[in-house]
Amino acid sequence: MASAPENEKNASAPEKKTLTLKSMINNEEFVVDEHVALQSVTIKNMVDSDCAGDVIPVPTISGEILALVIEYCKNHANPSASEDDLKKADAGIVAKDIYTLIDLVLAANFLDIKGLLEVTSQKIADSIKDLPHQDVREIFGVENDYTPEEEAAVRAEHDWAFEGFP
Amino acid sequence: MSWLPELWFDVFTRLPPKYLLQLRCVCKTWNSIIKSPTFIRAQLNQSIANKNNNGTLFLRHCDEDKKQHFTIHKKNESFGEDYAEIGFPFRGTKRKFNFIGFCGWPVHSLEHVHRKFISIPKPHHIGIAHFMGFGVDSKNGDSKVVRVVCPARSNPQSPPKAEVYSLSLRLWRYISGDVIDSFRISLWNRLAFVNGVLHWIALSISENMDEKAILILSYRIADDRFQKMPLPQSSLIENREPIDSFKLSIGEYQGLLAIFQNEKLSWTNLGSCRIWMMEKYGVEEPWTNLFKIDPPGGIGVVIGFRKNGEGILEMGNEDTLVDAARRRQMATYDIQTHQVRGFEIRGCFNLFYVDNNYVESLLLLEGDLYMEYDGNRGNIGIAGNANFAQI
């Protein structure tokens, strides 16, 4: 499996099968090897059921985010990459601001790429764990449905956990 | 694209429990996710999966006044100096307990202000408690308390007793069987908690009481099963002398079961110590002879090892011969340079316990455990929090 593409090239050199992913947000197109793109379960299901045309439109994911996703898939499709290499590469991909991470985790979820979903979720957790909960509410646009009294009561149950936070 | 609520669950499992208690204030949905038993178990499992990445060490010791302390040590550079004390999630126990093994420590405040309690009825077995643990059994999703009790001093030849309390059934249940009946555990034996299994070095006695063998007694918390495991007999025999159980203790090294074979100069100074590691779990031979800890002046007692391989020792202070058993000091031992470095944690002899399995959880969010205690019926001791979810 690992050396198959190499062998093909050396033999009769048929063109490697590629897929074109197109961001429907800014119409950016990415040509990727099929085995790289197939790490997305969503794309794999489309290809398997012959629903994929020459160009696969990817709704709601920007070209910037799609590029990160493809970088991740390429790294993880490389059979000679060591676990250590992958860890470093993953860390590089998720070294982004919180808003990019939110887009990335949504993309990983939509495209169904488990590994990317995990590293991005972990990075989001690491990025928010020192923020006051009011900031987290704002970043994720969560509506506060507590009355001030209710919120105070929930807080009072574990007030000690807020030590050092507003 | 806007945020999808189902993605919260996964992000939340990666956050520290203390911070999750803050996030309960964000909105009602978050509060109900964080409080749900499904989430609490998922968070614990995620922490267990991640625990190898952080090298956190849990230490229990009893200070000179015999008050017990639980501390967590994180930083590599300033190990032993920079640590945090954590609270004890059990109440109702006045006496000291002995040894612990745990994972999934319920996070809560050190001061226990306004804590609620979940009451546990009095256990059946009396005697001197040896081990008590608490944790979640991931197979059945039930939280349970495990108790293994040593016989009272008046009857040292009787076997240890074990019982389990299920928080969902609210019942104590005996664990009996031929295996545990054939063993004797000494109160002073250390225990090792490796891969969800408790291990003691113990004496196995044949039915007619005439044959004794030193074996490992193990207890798998997930299915409440006692088993015996062989010791590496041929490796441990020195100069054709029979193996002396008082010179052996059990522990963990790099996640594997290990035996510490001590030279034993005196009760408090074990001289040198040879470390053996069980290569294949449950298989008698071969055990690997890893190295020998042999610093000048003896080593006191080897308590355990950190994830980075550094040894943790309990040393005596030679200047204070009076009350020496209450003035023990902790130290680290570099296995490469043989350097011993003492650090400022002091306490009573043989009451130090270290564990690399520490992770925090939201278990017992509704309150600490409270066990009824009856001073006339023997000493009930509670010891820690075993991770049943790890199996």
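Me: Is A:Glu118 buried, exposed or partly exposed?
Reply: A:Glu118 is partly exposed, at 34% relative accessible area. Bear in mind that this is a predicted model.

Me: Which residue does A:Glu118 form a salt bridge with?
Reply: A:Lys114. The closest N and O atoms of the two are 3.2 Å apart.

Me: Where do A:Lys114 and A:Glu118 lie?
Reply: Both sit in helix H7 of chain A. They are four residues apart, about one turn of the helix.

Me: Why does a spacing of three or four places matter in an α-helix?
Reply: An α-helix has 3.6 residues a turn, so residues three or four places apart point the same way.

Me: And A:Lys114, buried or exposed?
Reply: Exposed, with a relative accessible area of 60%. The cut-off for that class is over 50%.

Me: How many salt bridges over all chains?
Reply: A search of the whole structure gives 13.

Me: Let's go to chain B. What does B:Arg147 pair with?
Reply: With B:Glu163, in a salt bridge at 2.7 Å, N to O. The pair links distant parts of the chain. B:Glu163 is in strand E9 (residues 161-166) and B:Arg147 in strand E8 (residues 142-150), 16 residues apart.

Me: Are those two buried or exposed?
Reply: Buried. B:Glu163 has a relative accessible area of 0%. B:Arg147 also comes out at 0%.

Me: What about B:Glu314, which side chain does it meet?
Reply: That of B:Arg328, again as a salt bridge, with 2.7 Å from N to O. B:Glu314 lies in strand E21 (residues 311-316) and B:Arg328 in strand E22 (residues 328-333), so the pair ties together parts 14 residues apart in sequence. Both residues are buried.

Me: Switching to the chain interface. How many residues does each chain put into the contact?
Reply: Chain A gives 37 residues and chain B gives 29.

Me: What area is buried between chain B and chain A?
Reply: About 3100 Å². Carbon and sulfur atoms give 66% of that.

Me: How many salt bridges between the chains?
Reply: Two. One of them joins A:Glu157 and B:Arg24, with the closest N and O atoms 3.1 Å apart.

Me: And how many residue pairs in polar contact?
Reply: 13 across the interface of chain B and chain A, counting pairs with both residues at pLDDT 80 or more.

Me: Which helices of chain B supply residues there?
Reply: Helix H1 (6-13), helix H2 (17-23) and helix H3 (28-35) of chain B each supply at least two residues of the side that touches chain A. H2(B) gives the most, with five residues.

Me: Now chain A by itself. What are its domains?
Reply: Domain 1 spans 16-129 and domain 2 spans 131-166. Their C-alpha centres lie 33 Å apart.

Me: How many residues of each domain are in contact?
Reply: Seven from domain 1 of chain A and five from domain 2 of chain A. Together the two domains bury about 480 Å², 74% of it on carbon and sulfur atoms.

Me: How many salt bridges and polar contacts between the domains?
Reply: Zero salt bridges. One residue pair is in polar contact, with both residues at pLDDT 80 or more.

Me: Which helices are on the domain 1 side?
Reply: Helix H6 (98-111) and helix H7 (114-128) of chain A each supply at least two residues of it. By class, that side of domain 1 has five nonpolar, one polar and one charged residues.

Me: Last one. Where is B:Thr56?
Reply: In the loop between H4 and strand E1 (57-62) of chain B. B:Thr56 counts as buried, at 3% relative accessibility.

Me: What is B:Thr56 in contact with, leaving aside neighbours within four places in sequence?
Reply: B:Ile72, B:His73, B:Lys74, B:Asp355, B:Asn356 and B:Tyr358.

Definitions and conventions. Residues are numbered from 1 along each chain as its sequence is written. Chains are lettered from A and ligands numbered from 1 in the order in which they are written. This is a predicted model: local features need pLDDT of at least 70, side-chain atom pairs count only at pLDDT 80 or more; totals for chains, interfaces and linings use all residues. Side-chain values use heavy atoms; hydrogens and water are left out. Domain bounds come from an automatic or database domain assignment. Contact means heavy atoms within 4.5 Å. Buried area is the accessible area (1.4 Å probe) that two parts lose on being put together, summed over both. A salt bridge is a side-chain nitrogen of Lys or Arg within 4 Å of a carboxyl oxygen of Asp or Glu. A polar contact is a pair of N or O atoms within 3.5 Å; within protein, one must be able to donate a hydrogen and the other to accept it, and residues adjacent in sequence count only if both atoms are side-chain atoms. Ala, Val, Leu, Ile, Met, Phe, Trp, Tyr, Cys and Pro count as nonpolar, Asp, Glu, Lys and Arg as charged, and the others, Gly among them, as polar. Buried means under 20% relative accessible area, exposed over 50%, partly exposed in between (1.4 Å probe, protein chains only).
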